[in-house]
Amino acid sequence: MTVTTTTADLSVLDGLLRRVTGDEKHAPSAHSTLDVLWVLYDRILRVTPDTVDAPDRDRFLLSKGHGPAAYYAVLAARGFIPPEWLDDLAGPDSRLGHHPDRLLVPGVEIGSGSLGHGLGLGVGTALGLRAQGLSDPRVYVLLGDAELDEGANHEAIAYAGATGLDRLTAVVVDNRSATHGWPGGIDTRFTVNGWTATTVDGRDHDAIAAALTAHRPGRPHVVVAVVAPKH
Amino acid sequence: MRDTFIETTTTLLAENPRTAVVLADISAVALEPAARRHPDRVLNVGIREQLMIGVAGGLALTGLRPIVHSYATFVVDRAYEQIKLDLDHQGVGAVLVSVGASYDGAEMGRTHMSPGDVRLFDTLTGWTVHVPGHRDEVEPLLRAAADHDEPVYVRLSTASNATALPGPGRLRVVRRAGPGAPLAVAVGPVLDPLLTATEGLEVTVAYTHTPRPFDVAGLRALAGRDVILVEPYLAGTSSAVVARGLSDVPHRLLALGVGGSDLRRYGTPADHDRWHGLDAAGLRRSISAFLA
(Lines give C-alpha, C1' and ligand atoms only; values in the text may rest on other atoms or scores of the structure.)
Protein backbone atom coordinates (compact mmCIF):
# COMPACT_ATOMS: atom_id res chain seq x y z
CA MET A 1 0.00 0.00 0.00
CA THR A 2 1.48 3.31 -1.07
CA VAL A 3 0.77 6.18 1.26
CA THR A 4 0.40 9.22 -0.91
CA THR A 5 -1.17 11.75 1.41
CA THR A 6 0.86 14.89 1.85
CA THR A 7 0.27 17.97 3.93
CA ALA A 8 -0.28 19.81 0.66
CA ASP A 9 -3.07 17.37 -0.28
CA LEU A 10 -4.85 17.93 3.00
CA SER A 11 -4.64 21.70 2.84
CA VAL A 12 -6.09 21.58 -0.69
CA LEU A 13 -8.88 19.40 0.65
CA ASP A 14 -9.51 21.83 3.47
CA GLY A 15 -9.79 24.66 0.98
CA LEU A 16 -12.21 22.68 -1.17
CA LEU A 17 -14.34 21.82 1.82
CA ARG A 18 -14.63 25.51 2.72
CA ARG A 19 -15.90 26.20 -0.80
CA VAL A 20 -18.88 23.95 -0.24
CA THR A 21 -21.25 26.44 1.28
CA GLY A 22 -24.88 26.41 2.23
CA ASP A 23 -24.80 23.08 4.05
CA GLU A 24 -24.57 24.29 7.60
CA LYS A 25 -27.47 22.18 8.87
CA HIS A 26 -25.60 19.00 8.18
CA ALA A 27 -22.09 20.25 8.89
CA PRO A 28 -21.28 17.93 11.82
CA SER A 29 -22.29 14.84 9.88
CA ALA A 30 -20.48 16.08 6.78
CA HIS A 31 -17.23 16.58 8.61
CA SER A 32 -17.53 13.32 10.54
CA THR A 33 -16.96 11.43 7.31
CA LEU A 34 -14.07 13.49 5.99
CA ASP A 35 -11.18 11.38 7.25
CA VAL A 36 -12.73 8.07 6.23
CA LEU A 37 -13.59 9.41 2.79
CA TRP A 38 -10.10 10.79 2.30
CA VAL A 39 -8.44 7.52 3.27
CA LEU A 40 -10.81 5.56 1.00
CA TYR A 41 -10.09 7.70 -2.05
CA ASP A 42 -6.43 8.26 -1.24
CA ARG A 43 -5.35 4.75 -0.32
CA ILE A 44 -8.03 2.13 -0.88
CA LEU A 45 -10.42 2.53 -3.77
CA ARG A 46 -9.27 1.37 -7.19
CA VAL A 47 -11.20 3.98 -9.14
CA THR A 48 -10.11 7.16 -10.89
CA PRO A 49 -11.87 9.79 -12.98
CA ASP A 50 -10.85 7.73 -16.03
CA THR A 51 -12.35 4.49 -14.72
CA VAL A 52 -15.72 5.62 -13.36
CA ASP A 53 -17.43 3.29 -15.84
CA ALA A 54 -14.89 0.44 -15.84
CA PRO A 55 -16.62 -2.84 -14.93
CA ASP A 56 -13.77 -3.91 -12.65
CA ARG A 57 -13.50 -0.68 -10.64
CA ASP A 58 -14.06 -0.71 -6.91
CA ARG A 59 -17.45 0.70 -5.93
CA PHE A 60 -18.00 3.25 -3.21
CA LEU A 61 -21.64 3.77 -2.23
CA LEU A 62 -22.42 6.70 0.03
CA SER A 63 -25.54 5.48 1.78
CA LYS A 64 -25.57 8.28 4.34
CA GLY A 65 -26.39 10.81 1.64
CA HIS A 66 -26.99 13.85 3.82
CA GLY A 67 -24.17 16.23 4.54
CA PRO A 68 -22.15 15.34 1.45
CA ALA A 69 -19.79 18.33 1.66
CA ALA A 70 -16.81 16.15 2.55
CA TYR A 71 -17.71 13.71 -0.23
CA TYR A 72 -17.87 16.46 -2.85
CA ALA A 73 -14.62 17.99 -1.58
CA VAL A 74 -12.84 14.64 -1.86
CA LEU A 75 -14.30 14.02 -5.33
CA ALA A 76 -13.02 17.43 -6.38
CA ALA A 77 -9.61 16.83 -4.81
CA ARG A 78 -9.27 13.56 -6.72
CA GLY A 79 -10.37 15.10 -10.02
CA PHE A 80 -13.79 13.47 -10.41
CA ILE A 81 -15.56 16.85 -10.52
CA PRO A 82 -14.36 20.39 -11.22
CA PRO A 83 -13.73 22.40 -8.01
CA GLU A 84 -15.96 25.16 -9.42
CA TRP A 85 -18.97 22.89 -8.86
CA LEU A 86 -18.47 23.33 -5.12
CA ASP A 87 -19.28 27.01 -5.22
CA ASP A 88 -22.99 26.71 -5.95
CA LEU A 89 -24.13 23.83 -3.74
CA ALA A 90 -27.81 23.08 -4.36
CA GLY A 91 -28.19 26.18 -6.51
CA PRO A 92 -30.61 26.19 -9.41
CA ASP A 93 -27.93 25.22 -11.91
CA SER A 94 -25.85 23.06 -9.57
CA ARG A 95 -25.22 19.39 -10.14
CA LEU A 96 -24.39 19.02 -6.46
CA GLY A 97 -27.30 18.91 -4.03
CA HIS A 98 -27.62 18.33 -0.33
CA HIS A 99 -27.99 14.70 -1.31
CA PRO A 100 -25.94 13.39 -4.23
CA ASP A 101 -27.47 12.13 -7.49
CA ARG A 102 -25.54 9.49 -9.42
CA LEU A 103 -26.93 10.71 -12.74
CA LEU A 104 -25.60 14.22 -12.12
CA VAL A 105 -22.18 13.64 -10.54
CA PRO A 106 -19.36 11.66 -12.19
CA GLY A 107 -17.96 9.00 -9.88
CA VAL A 108 -21.04 8.88 -7.66
CA GLU A 109 -22.32 5.29 -7.68
CA ILE A 110 -25.76 5.82 -6.12
CA GLY A 111 -28.18 8.63 -5.56
CA SER A 112 -28.82 8.69 -1.82
CA GLY A 113 -30.50 10.69 0.88
CA SER A 114 -33.31 8.56 2.22
CA LEU A 115 -31.55 6.40 4.81
CA GLY A 116 -31.32 2.65 4.68
CA HIS A 117 -30.94 2.07 0.94
CA GLY A 118 -27.20 1.92 0.33
CA LEU A 119 -26.37 -1.37 1.97
CA GLY A 120 -29.03 -3.27 0.01
CA LEU A 121 -27.79 -1.71 -3.20
CA GLY A 122 -24.24 -2.62 -2.16
CA VAL A 123 -25.23 -6.24 -1.57
CA GLY A 124 -26.82 -6.34 -5.04
CA THR A 125 -23.77 -4.72 -6.58
CA ALA A 126 -21.45 -7.28 -4.99
CA LEU A 127 -23.71 -10.10 -6.17
CA GLY A 128 -23.89 -8.65 -9.67
CA LEU A 129 -20.11 -8.41 -9.92
CA ARG A 130 -19.71 -11.99 -8.69
CA ALA A 131 -22.29 -13.28 -11.17
CA GLN A 132 -20.26 -11.73 -13.98
CA GLY A 133 -16.99 -13.24 -12.80
CA LEU A 134 -15.58 -9.90 -11.66
CA SER A 135 -13.82 -11.13 -8.55
CA ASP A 136 -11.39 -8.25 -8.01
CA PRO A 137 -13.59 -5.25 -7.24
CA ARG A 138 -14.68 -4.58 -3.69
CA VAL A 139 -17.86 -2.76 -2.75
CA TYR A 140 -17.66 -0.23 0.09
CA VAL A 141 -20.80 1.25 1.61
CA LEU A 142 -20.62 4.17 4.03
CA LEU A 143 -23.38 4.48 6.62
CA GLY A 144 -24.00 6.52 9.74
CA ASP A 145 -24.69 5.03 13.15
CA ALA A 146 -28.18 6.57 13.25
CA GLU A 147 -28.83 5.17 9.81
CA LEU A 148 -28.55 1.71 11.31
CA ASP A 149 -31.89 2.40 12.97
CA GLU A 150 -33.49 1.78 9.55
CA GLY A 151 -34.62 -1.83 9.39
CA ALA A 152 -33.64 -2.22 5.75
CA ASN A 153 -30.01 -2.29 6.88
CA HIS A 154 -30.68 -5.27 9.11
CA GLU A 155 -32.10 -7.21 6.18
CA ALA A 156 -28.84 -6.56 4.34
CA ILE A 157 -26.57 -7.27 7.33
CA ALA A 158 -28.22 -10.61 8.03
CA TYR A 159 -28.26 -11.73 4.40
CA ALA A 160 -24.70 -10.67 3.59
CA GLY A 161 -23.45 -12.46 6.68
CA ALA A 162 -25.45 -15.61 6.05
CA THR A 163 -24.18 -15.88 2.48
CA GLY A 164 -20.57 -14.92 3.25
CA LEU A 165 -20.55 -12.02 0.82
CA ASP A 166 -16.85 -11.30 1.16
CA ARG A 167 -16.48 -8.58 -1.48
CA LEU A 168 -18.55 -6.23 0.68
CA THR A 169 -17.23 -3.77 3.26
CA ALA A 170 -19.54 -1.57 5.29
CA VAL A 171 -18.09 1.53 6.92
CA VAL A 172 -20.15 2.91 9.78
CA VAL A 173 -19.19 6.39 10.88
CA ASP A 174 -20.23 6.44 14.51
CA ASN A 175 -20.79 9.95 15.83
CA ARG A 176 -23.33 8.74 18.38
CA SER A 177 -26.35 10.18 16.62
CA ALA A 178 -28.65 7.16 16.96
CA THR A 179 -31.55 8.17 19.17
CA HIS A 180 -31.47 5.06 21.33
CA GLY A 181 -27.86 4.11 20.70
CA TRP A 182 -26.49 0.65 20.03
CA PRO A 183 -25.71 -0.89 23.42
CA GLY A 184 -22.98 -3.48 23.25
CA GLY A 185 -21.34 -1.78 20.30
CA ILE A 186 -22.25 -1.35 16.65
CA ASP A 187 -19.80 -4.03 15.57
CA THR A 188 -21.71 -6.73 17.47
CA ARG A 189 -24.76 -6.20 15.22
CA PHE A 190 -22.58 -7.29 12.36
CA THR A 191 -20.39 -9.95 13.97
CA VAL A 192 -23.38 -11.84 15.35
CA ASN A 193 -24.41 -12.20 11.70
CA GLY A 194 -21.06 -13.57 10.59
CA TRP A 195 -19.21 -10.41 9.62
CA THR A 196 -15.68 -9.55 10.65
CA ALA A 197 -15.40 -6.15 12.32
CA THR A 198 -12.79 -3.58 13.21
CA THR A 199 -13.52 -0.51 15.32
CA VAL A 200 -11.12 2.41 14.92
CA ASP A 201 -10.58 6.05 15.75
CA GLY A 202 -12.31 7.75 12.83
CA ARG A 203 -9.64 10.46 12.68
CA ASP A 204 -6.59 8.18 12.58
CA HIS A 205 -5.74 7.69 8.91
CA ASP A 206 -3.34 4.80 9.35
CA ALA A 207 -5.78 2.98 11.61
CA ILE A 208 -8.62 3.57 9.15
CA ALA A 209 -6.54 2.28 6.26
CA ALA A 210 -5.54 -0.82 8.20
CA ALA A 211 -9.16 -1.49 9.14
CA LEU A 212 -10.34 -1.04 5.55
CA THR A 213 -7.96 -3.77 4.43
CA ALA A 214 -8.66 -6.15 7.32
CA HIS A 215 -11.35 -8.16 5.50
CA ARG A 216 -11.03 -11.95 5.39
CA PRO A 217 -12.14 -14.52 2.83
CA GLY A 218 -15.66 -15.85 3.19
CA ARG A 219 -17.05 -13.01 5.28
CA PRO A 220 -18.26 -9.47 4.76
CA HIS A 221 -16.37 -6.88 6.77
CA VAL A 222 -17.40 -3.81 8.71
CA VAL A 223 -15.27 -0.89 9.84
CA VAL A 224 -16.75 1.18 12.66
CA ALA A 225 -15.07 4.59 12.58
CA VAL A 226 -15.72 6.40 15.86
CA VAL A 227 -15.66 10.19 15.76
CA ALA A 228 -16.69 12.92 18.21
CA PRO A 229 -20.41 12.84 19.03
CA LYS A 230 -22.76 15.03 17.05
CA HIS A 231 -23.42 18.32 18.81
CA MET B 1 -49.60 -18.03 -15.22
CA ARG B 2 -47.27 -18.61 -12.30
CA ASP B 3 -46.13 -21.96 -13.74
CA THR B 4 -45.49 -20.31 -17.09
CA PHE B 5 -43.48 -17.63 -15.31
CA ILE B 6 -41.37 -20.28 -13.57
CA GLU B 7 -40.79 -22.22 -16.83
CA THR B 8 -40.00 -19.13 -18.89
CA THR B 9 -37.69 -17.67 -16.26
CA THR B 10 -35.82 -20.96 -15.94
CA THR B 11 -35.30 -20.94 -19.71
CA LEU B 12 -34.29 -17.28 -19.78
CA LEU B 13 -31.63 -17.88 -17.11
CA ALA B 14 -30.10 -20.57 -19.31
CA GLU B 15 -30.34 -18.56 -22.53
CA ASN B 16 -29.42 -15.10 -21.36
CA PRO B 17 -26.44 -14.65 -19.02
CA ARG B 18 -27.57 -11.10 -18.23
CA THR B 19 -30.70 -12.30 -16.45
CA ALA B 20 -30.84 -12.82 -12.69
CA VAL B 21 -33.72 -13.65 -10.37
CA VAL B 22 -34.28 -12.18 -6.93
CA LEU B 23 -36.75 -13.85 -4.57
CA ALA B 24 -37.95 -13.40 -1.01
CA ASP B 25 -38.80 -17.06 -0.36
CA ILE B 26 -42.00 -16.95 -2.45
CA SER B 27 -41.69 -19.47 -5.35
CA ALA B 28 -38.15 -20.35 -4.23
CA VAL B 29 -38.90 -24.08 -4.27
CA ALA B 30 -40.25 -23.91 -7.82
CA LEU B 31 -37.10 -22.13 -8.96
CA GLU B 32 -34.74 -24.46 -7.12
CA PRO B 33 -33.63 -26.39 -10.24
CA ALA B 34 -32.70 -23.08 -11.86
CA ALA B 35 -30.94 -21.98 -8.66
CA ARG B 36 -28.83 -25.15 -8.71
CA ARG B 37 -27.74 -24.47 -12.28
CA HIS B 38 -27.18 -20.73 -11.80
CA PRO B 39 -26.36 -20.21 -8.12
CA ASP B 40 -24.92 -16.75 -8.72
CA ARG B 41 -27.97 -15.55 -10.65
CA VAL B 42 -30.87 -16.98 -8.64
CA LEU B 43 -30.80 -15.16 -5.33
CA ASN B 44 -33.25 -15.88 -2.55
CA VAL B 45 -32.74 -13.25 0.14
CA GLY B 46 -35.25 -14.75 2.57
CA ILE B 47 -38.35 -12.88 3.69
CA ARG B 48 -36.76 -9.48 3.09
CA GLU B 49 -38.70 -7.57 0.46
CA GLN B 50 -36.91 -4.25 0.90
CA LEU B 51 -33.60 -6.01 0.37
CA MET B 52 -35.07 -7.89 -2.59
CA ILE B 53 -35.56 -4.63 -4.49
CA GLY B 54 -32.29 -3.14 -3.21
CA VAL B 55 -30.43 -6.19 -4.49
CA ALA B 56 -32.22 -5.88 -7.84
CA GLY B 57 -31.08 -2.26 -8.03
CA GLY B 58 -27.50 -3.27 -7.29
CA LEU B 59 -27.57 -6.05 -9.87
CA ALA B 60 -28.91 -3.65 -12.48
CA LEU B 61 -26.18 -1.13 -11.61
CA THR B 62 -23.62 -3.77 -12.62
CA GLY B 63 -25.38 -4.39 -15.95
CA LEU B 64 -27.51 -7.43 -15.17
CA ARG B 65 -31.24 -7.70 -15.87
CA PRO B 66 -32.96 -8.60 -12.60
CA ILE B 67 -36.31 -10.39 -12.50
CA VAL B 68 -37.92 -9.89 -9.10
CA HIS B 69 -40.84 -11.93 -7.91
CA SER B 70 -43.24 -12.13 -4.98
CA TYR B 71 -46.86 -11.49 -4.05
CA ALA B 72 -48.01 -8.12 -5.35
CA THR B 73 -48.61 -6.87 -1.85
CA PHE B 74 -44.98 -7.59 -0.90
CA VAL B 75 -43.05 -6.76 -4.06
CA VAL B 76 -45.00 -3.56 -4.78
CA ASP B 77 -46.90 -2.26 -1.75
CA ARG B 78 -44.35 -3.10 0.88
CA ALA B 79 -41.27 -2.18 -1.14
CA TYR B 80 -42.68 0.91 -2.84
CA GLU B 81 -39.95 3.25 -1.60
CA GLN B 82 -37.28 0.80 -2.74
CA ILE B 83 -38.89 0.71 -6.19
CA LYS B 84 -38.90 4.50 -6.27
CA LEU B 85 -35.34 4.97 -4.98
CA ASP B 86 -33.35 1.78 -5.60
CA LEU B 87 -34.59 1.44 -9.18
CA ASP B 88 -36.18 4.65 -10.49
CA HIS B 89 -33.93 7.17 -8.81
CA GLN B 90 -30.80 5.19 -9.68
CA GLY B 91 -31.87 5.29 -13.32
CA VAL B 92 -32.01 1.50 -13.63
CA GLY B 93 -34.81 -0.92 -14.38
CA ALA B 94 -35.94 -4.40 -13.42
CA VAL B 95 -38.72 -6.82 -14.28
CA LEU B 96 -41.03 -7.08 -11.29
CA VAL B 97 -43.37 -10.07 -11.52
CA SER B 98 -46.18 -10.38 -9.03
CA VAL B 99 -48.74 -13.01 -8.20
CA GLY B 100 -51.82 -12.61 -6.04
CA ALA B 101 -53.29 -9.70 -8.00
CA SER B 102 -56.20 -7.87 -6.38
CA TYR B 103 -57.80 -10.72 -4.48
CA ASP B 104 -56.58 -14.02 -5.90
CA GLY B 105 -55.67 -14.81 -2.32
CA ALA B 106 -59.08 -13.73 -0.98
CA GLU B 107 -59.16 -16.53 1.56
CA MET B 108 -55.97 -15.10 3.12
CA GLY B 109 -57.61 -11.73 3.61
CA ARG B 110 -56.66 -8.12 3.08
CA THR B 111 -52.99 -8.62 3.95
CA HIS B 112 -52.61 -10.55 0.70
CA MET B 113 -54.64 -8.22 -1.50
CA SER B 114 -53.09 -5.57 -3.71
CA PRO B 115 -55.73 -3.78 -5.76
CA GLY B 116 -53.61 -0.59 -5.79
CA ASP B 117 -50.41 -1.91 -7.38
CA VAL B 118 -50.92 -0.56 -10.89
CA ARG B 119 -51.94 2.81 -9.52
CA LEU B 120 -48.68 2.94 -7.56
CA PHE B 121 -46.73 2.56 -10.80
CA ASP B 122 -48.63 5.58 -12.10
CA THR B 123 -46.89 7.62 -9.39
CA LEU B 124 -43.56 6.73 -11.04
CA THR B 125 -42.51 7.35 -14.61
CA GLY B 126 -41.65 5.15 -17.53
CA TRP B 127 -42.95 1.82 -16.28
CA THR B 128 -44.43 -0.65 -18.71
CA VAL B 129 -47.23 -2.59 -17.01
CA HIS B 130 -48.38 -5.95 -18.34
CA VAL B 131 -51.58 -7.57 -17.08
CA PRO B 132 -51.83 -10.82 -19.03
CA GLY B 133 -55.30 -12.31 -19.34
CA HIS B 134 -54.16 -15.86 -20.14
CA ARG B 135 -51.10 -17.96 -19.35
CA ASP B 136 -50.08 -18.12 -23.01
CA GLU B 137 -49.62 -14.36 -23.01
CA VAL B 138 -47.02 -14.55 -20.25
CA GLU B 139 -43.99 -16.00 -22.05
CA PRO B 140 -43.76 -13.47 -24.90
CA LEU B 141 -44.24 -10.58 -22.47
CA LEU B 142 -41.48 -11.87 -20.18
CA ARG B 143 -39.11 -12.59 -23.05
CA ALA B 144 -39.55 -9.09 -24.41
CA ALA B 145 -39.03 -7.61 -20.94
CA ALA B 146 -35.81 -9.56 -20.36
CA ASP B 147 -34.34 -8.18 -23.57
CA HIS B 148 -33.87 -4.55 -22.52
CA ASP B 149 -33.15 -2.48 -19.40
CA GLU B 150 -36.34 -0.50 -18.91
CA PRO B 151 -38.63 -0.89 -15.88
CA VAL B 152 -41.41 -3.45 -16.35
CA TYR B 153 -44.14 -4.72 -14.06
CA VAL B 154 -45.88 -8.00 -14.89
CA ARG B 155 -49.04 -8.70 -12.92
CA LEU B 156 -49.93 -12.38 -12.94
CA SER B 157 -53.29 -13.69 -11.80
CA THR B 158 -55.12 -16.93 -11.23
CA ALA B 159 -58.04 -15.35 -13.13
CA SER B 160 -57.98 -16.09 -16.84
CA ASN B 161 -59.85 -15.59 -20.06
CA ALA B 162 -60.69 -18.73 -22.07
CA THR B 163 -58.58 -17.64 -25.03
CA ALA B 164 -55.15 -16.10 -25.17
CA LEU B 165 -54.62 -12.88 -27.10
CA PRO B 166 -50.84 -12.58 -27.30
CA GLY B 167 -49.18 -10.00 -29.48
CA PRO B 168 -48.34 -6.35 -29.07
CA GLY B 169 -49.75 -4.19 -26.31
CA ARG B 170 -52.11 -2.26 -28.56
CA LEU B 171 -55.87 -2.26 -28.09
CA ARG B 172 -57.35 -5.18 -29.97
CA VAL B 173 -60.96 -5.25 -31.06
CA VAL B 174 -62.56 -8.47 -29.90
CA ARG B 175 -66.15 -7.66 -30.82
CA ARG B 176 -67.00 -4.80 -33.15
CA ALA B 177 -70.26 -2.88 -33.07
CA GLY B 178 -71.26 -0.20 -35.57
CA PRO B 179 -69.54 3.16 -36.05
CA GLY B 180 -69.86 5.47 -33.05
CA ALA B 181 -70.94 2.63 -30.76
CA PRO B 182 -69.82 2.73 -27.13
CA LEU B 183 -66.31 1.34 -26.62
CA ALA B 184 -65.60 -0.99 -23.72
CA VAL B 185 -61.94 -1.71 -22.95
CA ALA B 186 -60.97 -4.77 -20.90
CA VAL B 187 -57.53 -5.05 -19.29
CA GLY B 188 -56.30 -8.62 -18.79
CA PRO B 189 -58.50 -11.29 -17.25
CA VAL B 190 -61.72 -9.24 -17.12
CA LEU B 191 -62.28 -9.70 -20.86
CA ASP B 192 -64.48 -12.80 -20.62
CA PRO B 193 -66.90 -11.40 -18.04
CA LEU B 194 -67.08 -8.19 -20.10
CA LEU B 195 -67.91 -10.15 -23.27
CA THR B 196 -70.68 -11.99 -21.42
CA ALA B 197 -71.93 -8.77 -19.88
CA THR B 198 -72.20 -6.98 -23.23
CA GLU B 199 -73.80 -9.90 -25.08
CA GLY B 200 -76.57 -8.48 -27.27
CA LEU B 201 -75.58 -4.85 -26.56
CA GLU B 202 -74.38 -2.55 -29.32
CA VAL B 203 -70.93 -2.14 -27.74
CA THR B 204 -67.46 -2.51 -29.28
CA VAL B 205 -65.22 -4.53 -26.98
CA ALA B 206 -61.45 -4.10 -27.11
CA TYR B 207 -58.70 -5.81 -25.12
CA THR B 208 -55.21 -5.05 -23.92
CA HIS B 209 -52.73 -6.86 -21.68
CA THR B 210 -50.56 -3.75 -21.52
CA PRO B 211 -52.27 -0.82 -19.80
CA ARG B 212 -48.98 1.13 -19.53
CA PRO B 213 -48.14 2.68 -21.79
CA PHE B 214 -51.82 2.81 -22.66
CA ASP B 215 -52.56 2.58 -26.38
CA VAL B 216 -53.93 6.10 -26.68
CA ALA B 217 -53.80 6.06 -30.50
CA GLY B 218 -55.90 2.89 -30.55
CA LEU B 219 -58.28 4.42 -28.04
CA ARG B 220 -58.73 7.52 -30.17
CA ALA B 221 -59.33 5.43 -33.27
CA LEU B 222 -62.02 3.33 -31.60
CA ALA B 223 -63.73 5.63 -29.13
CA GLY B 224 -67.10 7.19 -29.79
CA ARG B 225 -68.92 9.32 -27.24
CA ASP B 226 -69.15 6.60 -24.57
CA VAL B 227 -66.11 4.86 -23.17
CA ILE B 228 -66.20 2.06 -20.60
CA LEU B 229 -63.05 0.95 -18.85
CA VAL B 230 -62.94 -2.40 -17.06
CA GLU B 231 -59.82 -3.11 -15.02
CA PRO B 232 -59.05 -5.93 -12.57
CA TYR B 233 -57.45 -3.52 -10.07
CA LEU B 234 -58.59 -0.24 -8.47
CA ALA B 235 -61.50 1.28 -10.38
CA GLY B 236 -60.45 4.37 -12.32
CA THR B 237 -56.74 3.56 -12.40
CA SER B 238 -56.61 4.38 -16.12
CA SER B 239 -59.19 7.15 -16.04
CA ALA B 240 -56.57 9.89 -16.09
CA VAL B 241 -54.84 8.34 -19.11
CA VAL B 242 -58.12 7.99 -20.98
CA ALA B 243 -59.20 11.53 -20.05
CA ARG B 244 -55.89 12.94 -21.28
CA GLY B 245 -56.07 10.88 -24.48
CA LEU B 246 -59.56 12.12 -25.25
CA SER B 247 -59.22 15.63 -23.83
CA ASP B 248 -60.17 17.25 -27.15
CA VAL B 249 -63.06 14.89 -27.85
CA PRO B 250 -66.46 15.13 -26.15
CA HIS B 251 -66.90 11.86 -24.27
CA ARG B 252 -68.31 10.19 -21.17
CA LEU B 253 -66.29 7.68 -19.19
CA LEU B 254 -67.44 4.82 -16.97
CA ALA B 255 -64.53 3.34 -15.04
CA LEU B 256 -65.14 -0.06 -13.47
CA GLY B 257 -62.80 -2.07 -11.31
CA VAL B 258 -62.08 -3.01 -7.73
CA GLY B 259 -63.59 -0.75 -5.07
CA GLY B 260 -61.28 1.09 -2.72
CA SER B 261 -62.52 -0.07 0.66
CA ASP B 262 -61.36 -3.02 2.75
CA LEU B 263 -64.43 -5.27 2.73
CA ARG B 264 -63.06 -7.33 5.65
CA ARG B 265 -64.39 -10.45 3.97
CA TYR B 266 -62.64 -13.65 2.95
CA GLY B 267 -64.49 -15.89 0.48
CA THR B 268 -63.26 -16.72 -3.02
CA PRO B 269 -62.09 -14.48 -5.89
CA ALA B 270 -65.48 -15.14 -7.49
CA ASP B 271 -67.20 -13.78 -4.39
CA HIS B 272 -65.05 -10.64 -4.58
CA ASP B 273 -65.80 -10.26 -8.30
CA ARG B 274 -69.46 -10.22 -7.35
CA TRP B 275 -69.03 -7.81 -4.43
CA HIS B 276 -67.00 -5.41 -6.57
CA GLY B 277 -69.41 -5.71 -9.50
CA LEU B 278 -66.78 -7.29 -11.73
CA ASP B 279 -68.71 -10.48 -12.54
CA ALA B 280 -70.74 -10.55 -15.75
CA ALA B 281 -73.99 -9.69 -13.98
CA GLY B 282 -72.47 -6.75 -12.11
CA LEU B 283 -70.78 -5.40 -15.23
CA ARG B 284 -74.05 -5.73 -17.14
CA ARG B 285 -75.89 -3.72 -14.49
CA SER B 286 -73.31 -0.92 -14.45
CA ILE B 287 -72.95 -0.74 -18.23
CA SER B 288 -76.71 -0.83 -18.89
CA ALA B 289 -77.30 1.96 -16.38
CA PHE B 290 -74.51 4.03 -17.95
CA LEU B 291 -75.85 3.60 -21.48
CA ALA B 292 -79.53 3.98 -20.55
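1. Tyr71(A) and Tyr72(A) are both buried, where buried means under 20% relative accessible area, exposed over 50% and partly exposed in between, with a 1.4 Å probe and protein chains only. The model is a predicted one, in which local features need pLDDT of at least 70, side-chain atom pairs count only at pLDDT 80 or more, and totals for chains, interfaces and linings use all residues. Residues are numbered from 1 along each chain as its sequence is written, chains are lettered from A and ligands numbered from 1 in the order in which they are written, and side-chain values use heavy atoms, with hydrogens and water left out.

2. Tyr71(A) and Tyr72(A) belong to a cluster linked by ring pairs, together with Tyr41(A), Phe60(A) and Phe80(A). Rings of Phe, Tyr and Trp (its six-membered ring) pair if their centres lie within 6.5 Å; planes under 30 degrees apart count as stacked, over 60 as edge-to-face and the rest as tilted. By this rule there are eight aromatic pairs over all chains. The ring centres of Tyr71(A) and Tyr72(A) are 6.3 Å apart and the planes are at 20 degrees, so this pair is stacked.

3. Helix α4 (residues 69-77) of chain A has eight of its nine residues buried, so α4(A) is largely enclosed by the rest of the structure. Helices (H or I, at least four residues) and strands (E, at least two) are DSSP runs, numbered from the N terminus. The buried residues of α4(A) are Ala69(A), Ala70(A), Tyr71(A), Tyr72(A), Ala73(A), Val74(A), Leu75(A) and Ala76(A). After α4(A) comes Gly79(A), with a positive phi near 85 degrees.

4. How do helix α6 of chain A and helix α3 of chain B pack? The angle between α6(A) (residues 151-162) and α3(B) (residues 49-61) is about 75 degrees, and their axes are 8 Å apart. This makes α6(A) roughly perpendicular to α3(B). Axes are lines fitted to C-alpha atoms, for helices over the stretch in contact, and angles run from 0 to 180 degrees between N-to-C directions. Angles under 35 degrees count as roughly parallel, over 145 as roughly antiparallel, 65 to 115 as roughly perpendicular and the rest as oblique.

5. In the pairing of these helices, Ala152(A), Glu155(A), Ala156(A) and Tyr159(A) of α6(A) meet Glu49(B), Gln50(B) and Leu51(B) of α3(B). The residues of this contact comprise four nonpolar, one polar and two charged. Contact means heavy atoms within 4.5 Å. Ala, Val, Leu, Ile, Met, Phe, Trp, Tyr, Cys and Pro count as nonpolar, Asp, Glu, Lys and Arg as charged, and the others, Gly among them, as polar.

6. An unreviewed UniProt entry lists residues 1-163 of chain B as "domain: Transketolase-like pyrimidine-binding". Over residues 1-163, chain B is 39% helix and 17% strand, with the end C-alpha atoms 13 Å apart. UniProt positions are given in the numbering used here, feature names are shortened, and annotations may be inferred rather than shown by experiment.

7. Ile6(B) sits in helix α1 (residues 2-15) of chain B and is buried, at a relative accessible area of 11%. Apart from neighbours within four places in sequence, Ile6(B) is in contact with Ser27(B), Ala30(B) and Leu31(B). Met52(B) is 46 residues from Ile6(B) along the chain, and their C-alpha atoms are separated by 18 Å.

8. Val223(A), in strand β5 (residues 221-226) of chain A, is buried with a relative accessible area of 1%. Leaving out neighbours within four places in sequence, its contacts include Thr169(A), Ala170(A), Val171(A), Val172(A), Thr198(A) and Val200(A).

9. Arg176(A) has a positive phi near 55 degrees; Arg176(A) lies in the loop between β3 (168-174) and α7 (186-191) of chain A and is exposed, with a relative accessible area of 54%. Ala101(B) has a positive phi of about 40 degrees; Ala101(B) lies in the loop between β4 (95-99) and α6 (117-121) of chain B and is buried at 2% relative accessibility.

10. Where is the cis peptide bond to Pro213(B)? The bond joins Arg212(B) and Pro213(B), with omega about -10 degrees, and Pro213(B) is in the loop between β9 (204-208) and α9 (216-222) of chain B.
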